[in-house]
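Take a walk through this fold, one piece at a time. Keep the sequence and the model side by side as you read.

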Amino acid sequence: MKIDDLPFYWRLKERGAISPVPEVVPFVYDFDERFQLLIQKRDHATLEYLKTIYKEDANIGYLQDANEIAKPYGTDFSRFVETSLGRWGVHVRKVLELGCGGCTILNELKTSGYDVVGIDPGPLAAREGERRGIKVINSFFPTSEFEEMVDFIFHNDVLEHVDDPVGFLQTQRKQLNANGLIITAVPDCSDGVMAGEISMTMHQHLNYYDLDSLKNVFQAAGLEVLAIERALYGGSIYCCARKNANPLRYYPKTGYEKFQKFTSSAKNNIAKFSAEVDSCLKYGGSLGFYAPLRALPYLAILGMRNGFRFFDDTNHWYGRCFDGVDVPIENFNDLKARPVDTLFIMSITFGDKIMKRIVEGKIQCDRVVALKEVLEAGH
């Protein structure tokens, strides 16, 4: 299944800002049968674009002090890290974070007495590491600049970006001391994979994990999975795994039923969304999308680049645009002051919360349509 001209999301820009990579790039879904993992079909040009943007000073480091909306995510991930270390990591002293971004959790561990270091190619991580007195290697992992053995490696929203996740974890395993731990957090795509829900689609994400495929990838890397669970806040999966003396043997999975079901459901969902939008446009009036990052895949398939408004609660996105879609992002107050005739709520995870806010705020839209309800129609 292919989206010909999907906006290449990696930042929110001022109108007219020039991008170092193309603003729209094709996207193709594929499937790694060995791990029962939904993936983005690998394309050399796209992988090079990703290397370029990860070195840019953009908004990729989600967990950072300036991002208020991300703090509950960080708090919940810290809970899982603390619980896992308390249960299996009494020996841990030396800690390495990959893709450390704003160094927020790394700083918490430093304050708790751990010896910490981060590896991240972005300028944000380098600045935050210097500000907090944390050593940050400004590079991709693995790097010859840091080859020390450690007791604990963790990464938050990194494994979905990696071309070869099993190889990535195997390299980490080699750098762990005996009984060392690896903890990861990835977007939880379980429901999206099962239901063929494509709002999760973006070029940054090469892998779309559910509980089974994440466990398979860790086991294929020779690691013992100690705990795997859904986050208590937001839409993430957490996994804690341990290095044993001998790598565990992995038996590759077989079958494409999961992928066939995903593609079939996705086509049905696209048709239902298209019909809903066509119905709104038929009668004229203004059109808006709340949580616009989730709208981009559907709008791209429909060939829509303008003629609508975007709304989001992420403060540092305000007034900025996605590359490829020159529509400035507005906020809740803008919507209240100047409502649209039809508003689509595109977030599945926080859709009910947004809907409640719309109702309690007495927003005067003629229609408010939740993506979740559109996709469930006819089931």
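Start at H155. Leaving aside neighbours within four places in sequence, H155 is in contact with F77, L98, F168, L169, Q172, I182, I183, T184 and A185. This is a predicted model, so local features are taken only where pLDDT is at least 70. H155 lies in strand 7, which covers residues 150–156. Is H155 buried or exposed? Its relative accessibility is 0%, and buried means under 20%, so H155 counts as buried.

Now look at the sheet around it. Seven strands form an open sheet in the order 6-5-4-7-8-11-10. The pairing in this sheet is mixed. Which strands stand at the edges? They are strand 6 and strand 10 (224–230). Each has a single partner strand, so one side of each is left without a neighbour in the sheet. On average, neighbouring strands here are turned by 15° against each other, direction ignored. Strands of a sheet pair through backbone hydrogen bonds, either parallel or antiparallel.

Strand 4 (residues 94–98) and strand 5 run in the parallel sense, paired over 5 bridges. V95 stands opposite V116 in strand 5. L96 stands opposite V117, also in strand 5. Helix 3 (residues 104–111) packs on this sheet and touches strand 4, strand 5 and strand 7. The direction of helix 3 makes about 165° with that of strand 5. How many residues of strand 5 (residues 115–119) are buried? The count is 4 of its 5, so the strand is mostly covered.

Next, two helices. Two packed helices are described by the angle between their axes and the distance between the axes. Helix 5 (residues 165–174) and helix 7 (residues 211–220) have axes that come within 8 Å and cross at roughly 50°. That angle makes helix 5 oblique to helix 7. The crossing of the two is right-handed. On the helix 5 side, the contact uses P165, V166, L169 and Q170. On the helix 7 side, it uses V217, F218 and A220. These contact residues divide into 6 nonpolar, 1 polar and no charged.

Strand 3 (residues 37–40) meets strand 9 over 2 bridges, in the antiparallel sense. There, L38 stands opposite Y208 in strand 9.

Finish with the backbone. Most residues other than glycine have a negative phi, and most peptide bonds are trans. Where does this model depart from that? The peptide bond from F141 to P142 is cis, with omega near 0°. P142 sits in the loop between strand 6 (135–137) and strand 7. N179 is not a glycine, yet has a positive phi of about 65°. This residue lies in strand 8 (residues 176–187). With a relative accessible area of 42%, N179 is partly exposed. K362 is not a glycine either, and has a positive phi of about 55°. K362 is placed in the loop between helix 11 (351–360) and strand 16 (367–370). Its relative accessible area is 65%, over the 50% cut-off, so K362 is exposed.

Conventions: Residues are numbered from 1 along each chain as its sequence is written. This is a predicted model: local features need pLDDT of at least 70, side-chain atom pairs count only at pLDDT 80 or more; totals for chains, interfaces and linings use all residues. Side-chain values use heavy atoms; hydrogens and water are left out. Axes are lines fitted to C-alpha atoms, for helices over the stretch in contact, and angles run from 0 to 180 degrees between N-to-C directions. Angles under 35 degrees count as roughly parallel, over 145 as roughly antiparallel, 65 to 115 as roughly perpendicular and the rest as oblique. A crossing is left-handed if the near helix is turned anticlockwise from the far one by less than a right angle, and right-handed if clockwise. Contact means heavy atoms within 4.5 Å. Ala, Val, Leu, Ile, Met, Phe, Trp, Tyr, Cys and Pro count as nonpolar, Asp, Glu, Lys and Arg as charged, and the others, Gly among them, as polar. Buried means under 20% relative accessible area, exposed over 50%, partly exposed in between (1.4 Å probe, protein chains only). Two strands pair if DSSP finds at least two bridges between them.
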